[in-house]
Amino acid sequence: MRSLPVSVSFYSIINAIIILAGAIALIIGFGISGRHSIAVTTFTSAGNLGEDSILSCTFEPDIKLNGIIIQWQKEGTAGSVHEFRGGRDDLSQQHEAFRGRTALFSDQVIVGNASLRLKSVRLTDAGTYQCLIVTSKGKGSAHLEYKTGAFSMPEMNVDFNASSESLRCEAPRWLPQPTVAWTSQVDQGADFSQVSNTSFELNSENVTLKVVSVLYNATVNHTYSCVIENDIAKATGDIKVTDSEIKRQSRLQLLNSKASPGAAALGPLGWTLLPLMLK
């Protein structure tokens, strides 16, 4: 039987020993610390100026409440946004911009809810946030991009001030300035830009915009939609005028809301061994 070259068999044995030793050390390390990586998931979200908002974060539940640490951080901000440890809030290191404006759902922490309630949203709240979790099971974190602006559902009406059969679409608060387009279920693909007029009026707080759009020469018994959209939200108002009634409905959709699973955190030992085990 042909034997392997000494150099090949020697290095194969050495690699096997290194991998085995690493695996044993990893098992021992976990046995001592009792911790491993845990999954943390955040959801990209948006805040409406002046209103309360939720920055969503969930993690692998742990019944040992006193061992759970939740840290919310904002990129580029010194101090914490919010911190929870030992079964209660710890706001000793909280940045002044968030003072009195944050809260967790404390009764839901034990079931894996680390979501942050942010009160009275400001433009400056926009940015990248990190939700860091430490439990008796391990450690993990995830980031989310948080956008701030203003968005509202449109109110649809017949414009009785117009000289022709016209429809009026009005929304009280938007920022950044949105686009506005009219569509029809009957004349799909039609361009109504030549028979409509849209204006933006600065509100009294000198930040948000009131949106008013009028569609002229509307046809009775046709359903028209007014679509208002920016990079944060999309609002649609529908209206249908018949000989006997006016039917209306509005809906609002936040854009780019998606889950962001975080990379579960490995301890220093785990990161050291990983390159060896992949070779």
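When the bonded cysteines of the chain are numbered in sequence order, they pair as 1-2 and 3-4. The model is a predicted one, and two disulfides are present in it.

**Disulfide Cys 57 to Cys 131**

- Cys 57 and Cys 131 are joined by a disulfide, with an S to S distance of 2.1 Å.
- Cys 57 belongs to strand β4 (residues 53-59) and Cys 131 to strand β10 (residues 127-134), so this bond ties together parts of the chain that are 74 residues apart in sequence.
- The link of Cys 57 and Cys 131 is left-handed, with -85 degrees about the S-S bond.
- Cys 57 has a relative accessibility of 1%; because buried means under 20%, Cys 57 counts as buried.
- Cys 131 is likewise buried, its relative accessible area being 0%.

**Disulfide Cys 169 to Cys 226**

- Cys 169 and Cys 226 form a disulfide with an S to S distance of 2.2 Å.
- Cys 169 is located in strand β13 (residues 167-174) and Cys 226 in strand β17, so the pair ties together parts that lie 57 residues apart in sequence.
- The torsion about the S-S bond of Cys 169 and Cys 226 is about -75 degrees, and the disulfide is therefore left-handed.
- Cys 169 counts as buried, at 0% relative accessibility.
- Cys 226 also counts as buried, at 0% relative accessibility.

- Leaving aside residues up to four places away in sequence, Ile 228 touches Pro 154, Cys 169, Ala 171, Trp 174, Pro 178, Thr 179, Val 180, Val 211, Ala 233, Lys 234 and Ala 235.
- Among these contacts is Cys 169, the residue whose disulfide partner is Cys 226.
- Trp 174, another residue that Ile 228 touches, is 54 residues away from Ile 228 in sequence, while the C-alpha to C-alpha distance between Ile 228 and Trp 174 is 9.1 Å.

Technical notes:
Residues numbered from 1 in each chain as written. Predicted model: local features only at pLDDT ≥ 70, side-chain atom pairs only at ≥ 80, totals over all residues. Heavy atoms only, no water. Contact = heavy atoms within 4.5 Å. Disulfide = S-S within 2.5 Å. Helix = DSSP H or I, 4+ residues; strand = E, 2+ residues; numbered from the N terminus. Buried < 20%, exposed > 50% of the residue type's maximum accessible area, 1.4 Å probe, protein only.
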